[in-house]
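User: I would like to go through this structure by question and answer. Please start with any term I need.

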Amino acid sequence: MNFLGVGSNLDLSTMLTQLVQVASEPKVQQLGAKEVEAKNAISGLGSLSSLLSDFKTASDALKETSAFNQRTATVTQPSSGEVISVTADDTAVAGNYDIEVKDLAYGTKGYSAQINTDHTAALGLADTLTFSVADGSKTSFAINVTSGMSLNDIRDAINDDSNNFGVQVNVVDGQLVYDSSVSGAAASKQLKVEAATDARFNLEIDAVGTALQGTVIQSAQQAEITIDGISVKSDSNSFDTQISGIKITAKKETGTGEVADLNVALDTSSVKTKIETFADSYNKLRAGMNELKGSVDDEGNFTAGLLTGDPIIRNLESVLGGLLTGQAEGAASGFDTFYAVGLDIESDGTLKVDSSRLDTALSSNFDNFDELFAGTNGLATQVSTQVDSYLGFTGVIKGKEDSYNDIIDDLEDQYEAHARYIEGYQETLRKQFVALDTSIAQMNATMSYIGPQLAALSGISYASSSQS
């Protein structure tokens with residue numbers, strides 16, 4: 001193509017390029033516009049799917065019965081600080097309790113006789129140390145002491161033993177300090193350390209906490225608390241069964257005359273938060289759908305959205321509108337709509353939470369919230385089910401994405417077919433231009449040859465006329 005026009009001295013190369021562009025560009029632009037539209041739609045469907053997923057999460061939080069059976073446990077600690085922590089499950093009965101911590105549970109703590117003040121020196125001993133508790137609830141374990149071991153080595157061997165049931169050992173002034181985590185009634189939970197040969201390692205405490213071997217720092221004991229004046233005890237600092245559905249953990253002994261006030265109540269605040277989140281999520285979905293379908297500004301100018309040409313938004317708006325104005329079959333009369341709990345539909349289709357009406361419903365009709373939102377016919381269940389039909393591998397959105405991807409694949413085939421057509425068209429034009437270029441070149445050569453001869457003939461004719 002670079003040599004076109006050499007024979008004719010015409011800009012045939014530019015002419016060929018322009019003719020090819022005229023033939024190609026309208027189709028390319030048409031295909032490109034359709035591709036952009038399809039890709040925008042896929043992107044818009046992705047945004048819609050994300051918005052719907054968030055809305056479904058908010059709906060799912062309200063569709064389970066357990067959401068309306070939660071309890072809150074609020075503790076007012078005494079002035080001395082945190083003495084208890086409390087959790088409550090859905091079996092707990094609402095009520096108030098005064099809690100006093102009389103004693104915390106402890107394990108045995110004591111130390112051996114002095115063995116060697118040089119904690120890193122090899123002791124030159126061969127022995128076996130056995131650790132156990134009196135009630136046999138913990139598997140005993142033993143470590144072997146070899147002649148090359150120091151007190152620090154023995155300490156590490158005890159602490160690192162895989163069978164250690166909760167004994168922590170330190171070395172202080174040539175003595176081993178034993179600290180057991182096994183707490184409970186002293187008669188059965190005392191730690192016993194027994195050496196096979198060297199009694200200096202031994203620690204033994206009787207049922208009342210008196211050291212028989214070694215020295216006792218702290219005797220094992222139970223925890224004791226009072227609940228509304230009733231004394232209860234536990235081998236640990238946890239009290240799991242004393243009040244049904246409530247777990248109390250003792251943290252610190254209360255001072256004289258001090259109590260912690262425990263209030264157990266229905267957890268209405270978390271339900272209110274879930275309802276507010278539901279409304280917020282729906283409003284974000286509405287705003288996103290408005291953007292996806294396009295908008296008109298105050299001057300009447302329309303701005304297209306990624307899904308302007310797709311009916312899915314209109315369809316979804318209709319479905320959701322029906323759900324928000326629907327009823328929960330089987331719910332209490334007069335308490336079977338979103339409106340009953342203070343959810344109002346604004347003129348623009350968004351939801352507004354009337355906090356005062358919601359608070360009133362929570363305080364006076366909380367037992368009816370379960371049937372309104374949860375279960376097979378609950379409003380939140382209905383919403384979640386409908387949204388599910390748009391999401392997922394077999395949902396409406398996936399089907400539309402597949403359809404748009406098929407369109408893009410077809411457009412790629414059309415691009416390739418058009419490229420082949422233009423390639424053939426360009427080759428045909430090139431051959432025609434080559435022929436034209438050759439013909440003009442030949443004509444120019446002929447004219448170059450004939451021109452001087454005609455000029456010569458003209459001169460001869462003129463000379464003959466003059467002689468006459």
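Analyst: A patch is made of residues with over 30% relative accessible area and no salt bridge, where nonpolar side chains are joined within 5 Å. Please keep in mind that the model is predicted.

User: How much accessible area does the nonpolar patch of Tyr449, Ile450, Leu454 and Leu457 have together?

Analyst: These residues form a nonpolar patch on the surface. One of them, Leu454, is found in helix α9, which covers residues 396-467. Together the four residues have an accessible area of about 420 Å².

User: Is Leu454 buried or exposed?

Analyst: Exposed means over 50% relative accessible area. Leu454 has a relative accessibility of 53%, so Leu454 counts as exposed.

User: Which residues is Ser281 in contact with, leaving aside neighbours within four places in sequence?

Analyst: Contact means heavy atoms within 4.5 Å. With neighbours within four places in sequence left aside, the contacts of Ser281 are Asp54, Phe55 and Ala58.

User: Which strands are the edge strands of the open sheet of 4 strands?

Analyst: The order in this sheet is β7-β8-β4-β12, with antiparallel pairing. An edge strand pairs on one side only, and this holds for β7 (167-172) and β12 (215-218). On average, neighbouring strands of the sheet are turned by 25° against each other, direction ignored. The edge strands are β7 and β12.

User: Which residue in β8 stands opposite Val169?

Analyst: Strands of a sheet pair through backbone hydrogen bonds. Strand β7 is joined to β8 (residues 175-183) by 6 bridges, and the two run antiparallel. Opposite Val169 stands Tyr178.

User: At about what angle does helix α2 run to β7?

Analyst: Helix α2 consists of residues 151-160 and lies across both β7 and β8. The angle is taken between N-to-C directions and can run from 0 to 180 degrees. For helix α2 and β7 it is about 170°.

User: How many bridges join β3 to β13?

Analyst: Strand β3 (residues 95-103) also pairs with strand β17 (residues 260-266), in the antiparallel sense over 5 bridges. There, Asn96 has Asn263 as its bridge partner. In the antiparallel pairing with β13 (residues 223-227), Asp103 stands opposite Glu224. The number of bridges between β3 and β13 is 4.

Definitions and conventions:
Residues are numbered from 1 along each chain as its sequence is written. This is a predicted model: local features need pLDDT of at least 70, side-chain atom pairs count only at pLDDT 80 or more; totals for chains, interfaces and linings use all residues. Side-chain values use heavy atoms; hydrogens and water are left out. Patches are made of residues with over 30% relative accessible area and no salt bridge: like charges are joined within 9 Å, nonpolar side chains (Val, Leu, Ile, Met, Phe, Trp, Tyr) within 5 Å. Accessible areas come from the Shrake-Rupley method with a 1.4 Å probe; for residues, only the protein chains shown count as cover. A salt bridge is a side-chain nitrogen of Lys or Arg within 4 Å of a carboxyl oxygen of Asp or Glu. Buried means under 20% relative accessible area, exposed over 50%, partly exposed in between (1.4 Å probe, protein chains only). Two strands pair if DSSP finds at least two bridges between them.
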